[in-house]
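Hi,

Here is the structure I said I would pass on. Have a look at it first, and then read my notes below.

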Amino acid sequence: MTGREHVLRHRENHYEGLDALIATRSDALLATAGLLAGGREAGQDLLQAAIEKMMRQWHRIEGDREAYLRRILYHLAVDSWRRRRRRPEVLTDLAPAVAQPDGAGALTLRLALVQALGELTPRQRAVLVLRYFEGLSEVEIAGALGCSTGTVKSTAARGLKNLRAHTASWPLEDAPEPKGAHR
């Protein structure tokens with residue numbers, strides 16, 4: 001075996017399992033990153049940064065590598081909103097959602113919801129994504145974000161209140177009428 005072959009074989013063994021993790025979980029990871037970052041492109045950047053950070057520690061990771069990568073995602077998202085708090089960023093409106101001619105209302109609703117999430121503070125967005133998209137408990141969220149459970153609860157309550165305020169004017173097409181309501 002030549003020196004070059006040895007280096008290539010070492011490199012393959014060094015990141016064993018990374019290709020499988022990315023191939024099987026990339027869509028879910030990208031969806032989470034996009035929600036945490038406030039958009040698909042920003043989510044791609046966040047996920048790439050998390051993967052790069054994980055690769056530096058790959059040989060030291062014991063246990064569930066996806067959970068480790070998700071924790072890095074959450075921490076990078078928290079770091080970004082902390083940075084923005086110190087140096088406020090001027091946000092512009094997101095590009096308007098392009099309606100699909102085939103009547104894919106679900107896609108339009110999803111894009112509108114992502115846009116509404118973008119109106120929340122980064123901390124509120126992170127807590128809501130972790131709670132309702134990732135399905136983490138309040139204790140798990142507190143651990144991932146490095147804050148108290150009470151902070152998670154109050155942030156979630158404020159985030160939901162703000163999300164309801166942003167979406168209150170949305171038409172409720174095909175929504176079932178609440179029981180006891182009369183038209």
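Let's start with one residue. Glutamate 66 is buried, because its relative accessible area is 16% and the cut-off for buried is under 20%. Do keep in mind that this is a predicted model.

Where does that glutamate sit? Glutamate 66 is part of helix H4. Its side chain makes a polar contact with the side chain of arginine 25, at 3.0 Å. If you leave out residues up to four places away in sequence, glutamate 66 touches Leu21, Arg25 and Leu29.

Next, the nonpolar core. The largest one has 39 residues, and those touching the most other members are Leu47, Met54, Leu69, Leu73, Tyr74 and Leu145. As background, nonpolar side chains tend to be buried together in soluble globular proteins.

Helix H7 covers residues 138-145 and helix H8 covers residues 149-167; their axes come within 8 Å and cross at roughly 105 degrees. Angles of 65 to 115 degrees count as roughly perpendicular, so H7 is roughly perpendicular to H8. On the H7 side, the contact is made by Glu138, Val139, Ile141 and Ala142, while H8 brings in Thr149, Val152 and Lys153. By type, the residues of this contact are four nonpolar, one polar and two charged.

Cheers

Technical notes: Residues numbered from 1 in each chain as written. Predicted model: local features only at pLDDT ≥ 70, side-chain atom pairs only at ≥ 80, totals over all residues. Heavy atoms only, no water. Axes fitted to C-alpha atoms, helices over the stretch in contact; angles between N-to-C directions. Helix = DSSP H or I, 4+ residues; strand = E, 2+ residues; numbered from the N terminus. Parallel < 35°, antiparallel > 145°, perpendicular 65-115°, else oblique. Contact = heavy atoms within 4.5 Å. Nonpolar A, V, L, I, M, F, W, Y, C, P; charged D, E, K, R; others polar. Core = buried A, V, L, I, M, F, W, Y, C linked by side-chain atoms within 4.5 Å. Buried < 20%, exposed > 50% of the residue type's maximum accessible area, 1.4 Å probe, protein only. Polar contact = N/O pair within 3.5 Å; in protein donor to acceptor, adjacent residues only side chain to side chain.
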